[in-house]
Amino acid sequence: EWIIVANNLLLKCHIHLRIRELEDCDANVFIALYQSILGEKVPDLIAIPRSQEDEAHNVQAVIDSLALDYLQVSLSHITGENIVRGDKESIKNLLEIFDGLLEYLTEHISETSHEKSETGQSFKESHQGELLEEPESTKESKSSWKRVSFERC
């Protein structure tokens with residue numbers, strides 16, 4: 001089941017990696033998911049990891065950034081070291097977080113697009129030729145996705 005979740009995530013994110021075993025979800029997989037879903041580079045990333053400690057550092061950087069910058073929840077139950085060692089429970093937990101994050105962002109983008117198209121249509125009908133000031137609610141929603149919290153995770 002989790003192998004399917006992982007491969008679906010990779011497919012949705014257009015990452016050309018496929019896993020056969022859960023333990024195949026290594027630092028490269030989680031770094032690629034982070035960068036694809038969030039559109040940002042992993043902070044404090046060791047570009048060319050030379051050891052298992054470097055790999056663990058990179059996964060921990062992913063976990064820490066998710067916890068502090070995006071979710072505002074503790075992810076102390078998941079460590080980069082456990083991921084690199086192939087701990088199945090840690091890998092499942094991190095996959096679940098990425099799966100939930102991608103689902104949330106996909107829904108949020110869809111809702112925002114829908115709201116914009118409705119706003120744009122009603123604007124066109126009532127304000128031909130005037131410039132549109134972006135509504136405060138739309139401005140807030142653009143930045144609020146970074147502060148989302150996942151109770152399930």
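In this predicted model, Arg 18 is in contact with Asn 7, Leu 10 and Leu 11, leaving aside neighbours within four places in sequence. Arg 18 lies in the loop between H1 and H2. Its relative accessibility is 47%, so Arg 18 counts as partly exposed. Ala 6 is 12 residues away from Arg 18 in sequence. In space, the C-alpha atoms of Arg 18 and Ala 6 are 8.2 Å apart.

The loop between H1 and H2 also holds Glu 23. Side chains of opposite charge can pair when their charged atoms come close. The whole structure contains 2 salt bridges. One of them joins Glu 23 to Lys 88, with 3.7 Å between the closest N and O atoms. This pair links distant parts of the chain, since Lys 88 is in helix H5 and the two residues are 65 apart. Glu 23 has a relative accessibility of 35% and therefore counts as partly exposed. Lys 88 is partly exposed too, with a relative accessible area of 44%.

A salt bridge also connects the side chains of Glu 81 and Arg 85, at 3.3 Å from N to O. Both residues belong to helix H4, which covers residues 80-85. They are 4 residues apart, so about one helical turn separates them. An α-helix has 3.6 residues a turn, so residues three or four places apart point the same way. Arg 85 has a relative accessible area of 56%; it is therefore exposed, the cut-off being over 50%.

Beyond its neighbours within four places in sequence, Ser 90 is in contact with His 77, Ile 78, Asn 82 and Ile 83.

Helix H3 runs over residues 52-71. At 1.5 Å a residue, its 20 residues should span 28 Å. The end C-alpha atoms are 27 Å apart, which agrees. H3 bends by about 25 degrees at Ser 65. Ser 65 is one of the buried residues of H3. Others among them are Asp 54, Asn 58, Val 62, Leu 66 and Tyr 70. Gln 72 follows H3 and has a positive phi, near 50 degrees.

The largest nonpolar core has 37 residues. Within this core, the residues that touch the most other members are Phe 30, Leu 33, Leu 66, Leu 94, Leu 95 and Phe 98. Helices H1 (2-12), H2 (27-38), H3 and H5 (88-126) each give two or more residues to the core. Phe 98 touches Leu 9, Phe 30, Leu 33, Tyr 34, Ile 37, Val 62 and Leu 66, not counting residues up to four places away in sequence. Val 62 and Leu 66 are both buried in H3.

The chain as a whole contains 6 helices and 0 strands. From the N terminus on, its elements run α-α-α-α-α-α. Of the 153 residues in the chain, 37% are buried. The accessible surface comes to about 9400 Å². Carbon and sulfur atoms account for 50% of that surface. Among contacts between residues at least 6 apart in sequence, 55% join residues at least 24 apart.

Definitions and conventions. Residues are numbered from 1 along each chain as its sequence is written. This is a predicted model: local features need pLDDT of at least 70, side-chain atom pairs count only at pLDDT 80 or more; totals for chains, interfaces and linings use all residues. Side-chain values use heavy atoms; hydrogens and water are left out. The expected span of a helix is 1.5 Å times one less than its number of residues. The bend at a residue is the angle between axes fitted to the seven residues ending there and the seven starting there. Buried means under 20% relative accessible area, exposed over 50%, partly exposed in between (1.4 Å probe, protein chains only). A nonpolar core is a set of buried Ala, Val, Leu, Ile, Met, Phe, Trp, Tyr and Cys residues joined through side-chain atoms within 4.5 Å. Contact means heavy atoms within 4.5 Å. Accessible areas come from the Shrake-Rupley method with a 1.4 Å probe; for residues, only the protein chains shown count as cover. A salt bridge is a side-chain nitrogen of Lys or Arg within 4 Å of a carboxyl oxygen of Asp or Glu.
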